[in-house]
Amino acid sequence: MIEIKKYEDKYQDEVIRLVLSCQNDGTRPIVSIADQPELLNINQEYFTNGGYFWIASENNKLVGTIGLMNYGNDIGILKKFFVNEQYRGKPYNLGRKLFAELLDFAYEHKFKELVLDTPKNTERAHKFYEKAGFNRLVRKTYQ
């Protein structure tokens with residue numbers, strides 16, 4: 001059974017491993033931990049400012065992540081949305097479940113705008129977001 005729960009520091013290494021393995025799948029330029037230092041301090045970067053970070057696990061194995069950073073002015077930035085390949089789509093639909101957690105949190109905490117932090121070359125992610133009702137906009141720099 002898959003469990004979705006709040007991030008704790010004891011999961012830091014597993015989160016980094018999952019994120020880097022998903023990012024560096026051969027479909028885009030290599031990304032390192034140096035390119036995303038917020039992964040080294042998730043509590044400070046997400047929770048302290050009113051955001052949140054979820055992990056999903058099955059049998060104590062980390063299989064998904066999603067984070068929401070509070071940018072201020074009722075704007076949230078969706079970040080680090082990664083799901084182990086075998087848990088994407090049916091029968092697990094883990095991406096939808098993680099995304100639903102984030103949307104519920106954003107609604108409860110009165111975020112009025114959600115911004116995606118998604119590179120141009122991630123077509124699968126863009127299709128997911130468009131199905132969820134997001135629209136592509138001209139790029140803005142948030143963080």
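## Surface and burial

The chain has an accessible surface of about 8,900 Å², and carbon and sulfur atoms account for 48% of that surface. Accessible areas come from the Shrake-Rupley method with a 1.4 Å probe, and for residues only the protein chains shown count as cover.

The model is predicted: local features need pLDDT of at least 70, side-chain atom pairs count only at pLDDT 80 or more, and totals for chains, interfaces and linings use all residues. Residues are numbered from 1 along each chain as its sequence is written, and side-chain values use heavy atoms, with hydrogens and water left out.

Of the 143 residues in the chain, 40% are buried (under 20% relative accessible area, 1.4 Å probe, protein chains only).

## Secondary structure

The chain contains 4 helices and 5 strands, in the order β-α-α-β-β-β-α-β-α from the N terminus. Helices (H or I, at least four residues) and strands (E, at least two) are DSSP runs, numbered from the N terminus.

## Nonpolar cores

A nonpolar core is a set of buried Ala, Val, Leu, Ile, Met, Phe, Trp, Tyr and Cys residues joined through side-chain atoms within 4.5 Å. The largest has 19 residues, and Tyr7, Val15, Leu39, Ile42, Phe53 and Ile55 touch the most other members. Two or more residues each come from helix H1 (12-23), helix H2 (42-47), strand S2 (52-58), strand S3 (61-72) and strand S4 (75-83). H1 provides the largest share, 5 residues.

A second, separate core of 17 residues includes Phe81, Leu94, Leu98 and Leu102.

Terms used:
Buried < 20%, exposed > 50% of the residue type's maximum accessible area, 1.4 Å probe, protein only.
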